[in-house]
Amino acid sequence: MGFLRRQMITAALTANALRPARGVRSGIPSFAAGWLTTELAPHLLTATAVDAAVSTARGRGSRLGYLLAGASAVGLAALVRESGRAQGLVAGALDADLGPDYLQALETPPSPADLATPWRRLVNPFRMREPRVKVIRGIAYGPAGRRNELDLYLPSEGPSTGAPVLLQVHGGAWTIGNKEQQGVPLMQHLAAKGWVCVAINYRLAPRDRFPAQIVDVKRAIAWIRENIADYGGDPEYLAITGGSAGGHLTALAALTPDDPTLQPGCEDADTTVQVAVPHYGVYDMAGASGLKTAIAMRDGFLARRVFPRSWEDDPEAYEAASPLLRITPDAPDFFVIHGTNDTLVSVEQARLFVERLRETSKRTVVFAELPGTQHAFDIFPSIRSAHVVRAIDRYLHWHWNTWRQQR
């Protein structure tokens with residue numbers, strides 16, 4: 001019965017990963033069950049095969065258990081194949097929106113080895129260590145104690161003067177999360193190539209209601225402009241990235257440069273960014289798109305936990321917080337990434353955001369829509385996240401080199 005129970009659980013997890021529930025209430029548990037299954041499909045496939053072999057050797061298997069194990073293996077193999085497709089999808093998005101010649105702007109075009117799945121590193125995806133990178137932790141950038149601290153990811157040998165800078169904004173529904181928990185694979189990858197990467201904490205709701213979160217992001221940008229040269233970074237070039245709530249804050253910061261209402265205490269600071277790379281972000285806080293999921297989030301969560309007032313009482317605050325409604329022709333370059341199986345933030349929000357960006361912005365807009373991909377797919381190294389990280393690497397190096405040439 002132990003073998004049968006394990007295979008029943010595995011089969012249920014696999015089925016949910018392949019066809020997650022998308023209801024407003026069921027989306028959260030579906031994400032919780034499907035996120036790790038999707039990104040750790042190779043590991044779960046191996047564990048299923050080993051479990052079946054061991055149970056057979058010990059005479060503890062059952063016919064139903066073997067049938068479930070076989071069905072799970074087929075589903076998990078499909079998840080692995082879908083993860084591998086991310087390489088071609090993100091490469092195709094870059095080619096389509098930047099042109100196939102964008103690789104000529106890179107110092108060194110990627111080799112086949114650079115694009116291959118890093119299987120050795122994925123054996124233990126939670127061991128995220130990079131000897132080529134050093135981390136300086138706990139630097140204060142504002143007055144809010146631990147919630148206004150940042151970490152620096154630097155090349156272990158020290159960056160050269162004028163290195164490009166990346167700001168990482170963590171997610172967590174504006175209510176939880178820490179700078180050490182997200183964006184680590186991307187920051188390690190870029191810091192090993194000479195970038196200066198900055199990961200920040202910010203004040204969290206409900207203790208500190210919105211717009212405290214974006215105010216802190218702006219405060220961190222002001223700190224970077226003033227201090228990053230001391231660590232080898234170029235204060236004039238800043239890329240920003242983040243996922244989920246961090247994707248929302250990334251997009252909002254990129255679209256509201258120097259807005260005095262969002263940077264009290266540092267109104268005169270330059271808070272522009274040169275490029276934004278939001279992952280599975282929330283772009284419609286006001287429900288302006290009419291999407292049922294956006295309206296449900298607005299009324300069922302944001303009004304209760306994040307904003308100080310309901311949408312009915314203060315619609316302007318929700319509209320001002322919606323990147324979808326803050327797009328102007330002067331928006332910076334964007335690389336938007338979202339999965340079709342995201343049960344927390346509908347991919348429709350990303351599609352509408354990208355559509356409006358392309359209609360309005362004078363800059364480039366790249367959109368990578370990833371089939372079969374759940375929320376938070378890039379938290380730790382996986383097949384999919386490895387391909388996405390290296391695509392972001394190519395994109396940001398293209399952008400950095402193009403920006404320098406234009407200057």
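This is a predicted model: local features need pLDDT of at least 70, side-chain atom pairs count only at pLDDT 80 or more; totals for chains, interfaces and linings use all residues.
With its neighbours within four places in sequence set aside, Val198 is in contact with Leu150, Asp151, Leu152, Val165, Leu166, Leu167, Gln168, Met187, Ile224 and Ile228.

Next, display the largest nonpolar core, which has 58 residues. Val198 is among the members that touch the most others, together with Leu167, Ile200, Val217, Phe334 and Phe353. Colour helix α10, residues 245–255, to locate the largest share of this core: 7 residues come from that helix. In soluble globular proteins, nonpolar side chains tend to be buried together.

A second core may then be shown in a contrasting colour. This separate set comprises 44 residues, including Leu40, Ala199, Phe335 and Trp400.

Select Ala205 with Pro206: the peptide bond joining them is cis, with omega at about 5 degrees. Pro211 lies in the loop between β4 and α9 as well. Select Phe210 and Pro211 to view another cis peptide bond, for which omega is near 20 degrees. For context, most peptide bonds are trans.

How many residues of α9 are buried? Of the 16 residues, 14 are buried, so α9 is largely enclosed by the rest of the structure.

The tour continues with backbone torsions. Most residues other than glycine have a negative phi. Select Trp174, in the loop between β3 (163–169) and α8 (184–191). Trp174 is not a glycine, and its phi is positive, near 65 degrees. Is Trp174 buried or exposed? With a relative accessibility of 2%, Trp174 counts as buried, the cut-off being under 20% relative accessible area.

Finally, select Asp258, which is found in the loop between α10 and β6 (275–279). Phi of Asp258 is about 60 degrees, a positive value although the residue is not a glycine. What is the relative accessible area of Asp258? The value is 35%, and Asp258 is therefore partly exposed.

Note on methods:
Residues are numbered from 1 along each chain as its sequence is written. Side-chain values use heavy atoms; hydrogens and water are left out. A nonpolar core is a set of buried Ala, Val, Leu, Ile, Met, Phe, Trp, Tyr and Cys residues joined through side-chain atoms within 4.5 Å. Buried means under 20% relative accessible area, exposed over 50%, partly exposed in between (1.4 Å probe, protein chains only). Helices (H or I, at least four residues) and strands (E, at least two) are DSSP runs, numbered from the N terminus. Contact means heavy atoms within 4.5 Å.
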